[in-house]
Amino acid sequence: MPTATLETVFGQFAVTEADGLVTRIRWGEAQDGTRGAKTSPLLEEAVLQLKAYFVGRLRDFDLPLATPSDPFRQAVSAAMLAIPYGETRTYGEIAADLGSYGQPVGAACGSNKIPIVVPCHRVLSASGIGGFSAPGGVETKIALLRHEGGYPFLI
């Protein structure tokens, strides 16, 4: 699958696409070691948009995204995509909207394959930050929220 990599202030990312959709964004190099040797117009656009986000020039991504196959994870993904830049919601708020519970919402957030673009970092626990599955864990989540100005008492 075509994969592109980019360096950011939050580390290196690998962006993968298939069938005209962004399917994955991972922290670190492309797993096959190509380091951007395979590319496509979609990946070039994804890299441009991610770079613009990381330097503060982009707030809303406009990329075709692969959706999770499970309907519940699709609903959680849609809820995350609906959270505006610089704002947050709690696992419980999303769960209430979906008629579910916070723990399954947290698990769906943790399995998000397209972080940053599908902003799982904007979902918090009712009592604080909650978890984050990226390298650096909660510290990375806090840094992303600070980047967006979305958690003002931490700035």
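This is a predicted model: local features need pLDDT of at least 70, side-chain atom pairs count only at pLDDT 80 or more; totals for chains, interfaces and linings use all residues.
Helix α3 has a buried side made up of Tyr 91, Ile 94 and Ala 95. Seen down the axis of α3, these residues fall within an arc of 100°, so they line one face of the helix. An α-helix has 3.6 residues a turn, so residues three or four places apart point the same way. The opposite face of α3, turned away from the buried side, carries the exposed residues Ala 96 and Asp 97. Several elements cover the buried residues of α3. Among them are α2, β4 (89-90), α4, β5 and α5. After α3 comes Gly 99, with a positive phi near 70°.

Helix α4 spans residues 102-110. Its buried residues are Val 105, Ala 108 and Cys 109. They cover an arc of only 100° around the axis, which puts them on the same side of α4. The cover over these residues includes α2 (71-81), α3 (91-98) and β5 (123-124).

The two helices α3 and α4 meet directly. Their axes come within 8 Å and cross at roughly 110°. Angles from 65 to 115 degrees count as roughly perpendicular, and α3 and α4 are therefore roughly perpendicular to each other. On the α3 side, the residues in contact are Tyr 91, Ile 94 and Ala 95. On the α4 side, they are Gly 102, Val 105, Gly 106 and Cys 109.

The axes of α2 and α4 come within 9 Å, with a crossing angle of roughly 80°. That makes α2 roughly perpendicular to α4. From α2, the contact involves Phe 72, Arg 73, Val 76 and Met 80. From α4, it involves Pro 104, Val 105, Ala 107, Ala 108 and Cys 109.

A search of the whole structure finds seven aromatic pairs. In one of them, the rings of Trp 27 and Phe 132 have their centres 6.2 Å apart and their planes at 90°, so the pair is edge-to-face. Trp 27 lies in strand β3 (residues 21-27), whereas Phe 132 lies in the loop between β5 and α5 (137-148), so the pair ties together parts that are 105 residues apart in sequence. Both Trp 27 and Phe 132 are buried. Another pair, Tyr 53 with Phe 61, is tilted. Its ring centres lie 5.5 Å apart, with 40° between the planes. Tyr 53 counts as buried, at 0% relative accessibility. These four residues belong to one aromatic cluster, which also includes Phe 10, Phe 13, Phe 54 and Tyr 85.

The loop that holds Phe 132 also holds Gly 130, between β5 and α5. Gly 130 counts as partly exposed, at 28% relative accessibility. Leaving aside residues up to four places away in sequence, Gly 130 touches Tyr 91, Ser 125, Val 138 and Lys 141. Gly 130 and Lys 141 are 11 residues apart in sequence, and their C-alpha atoms are 9.1 Å apart in space.

Asp 19 has a phi of about 55°. Asp 19 sits in the loop between β2 and β3. At 80% relative accessibility, Asp 19 counts as exposed. Ile 116 has a phi of about 75°. Ile 116 is found in the loop between α4 and β5. Here the setting is buried, as Ile 116 has a relative accessible area of 1%.

Gln 12 is buried, with a relative accessible area of 13%. The side chain of Gln 12 makes a polar contact with the side chain of Glu 7, at 2.8 Å.

Key:
Residues are numbered from 1 along each chain as its sequence is written. Side-chain values use heavy atoms; hydrogens and water are left out. Buried means under 20% relative accessible area, exposed over 50%, partly exposed in between (1.4 Å probe, protein chains only). A polar contact is a pair of N or O atoms within 3.5 Å; within protein, one must be able to donate a hydrogen and the other to accept it, and residues adjacent in sequence count only if both atoms are side-chain atoms. Helices (H or I, at least four residues) and strands (E, at least two) are DSSP runs, numbered from the N terminus. The arc is that of the directions from the helix axis to the C-beta atoms. Contact means heavy atoms within 4.5 Å. Rings of Phe, Tyr and Trp (its six-membered ring) pair if their centres lie within 6.5 Å; planes under 30 degrees apart count as stacked, over 60 as edge-to-face and the rest as tilted. Axes are lines fitted to C-alpha atoms, for helices over the stretch in contact, and angles run from 0 to 180 degrees between N-to-C directions. Angles under 35 degrees count as roughly parallel, over 145 as roughly antiparallel, 65 to 115 as roughly perpendicular and the rest as oblique.
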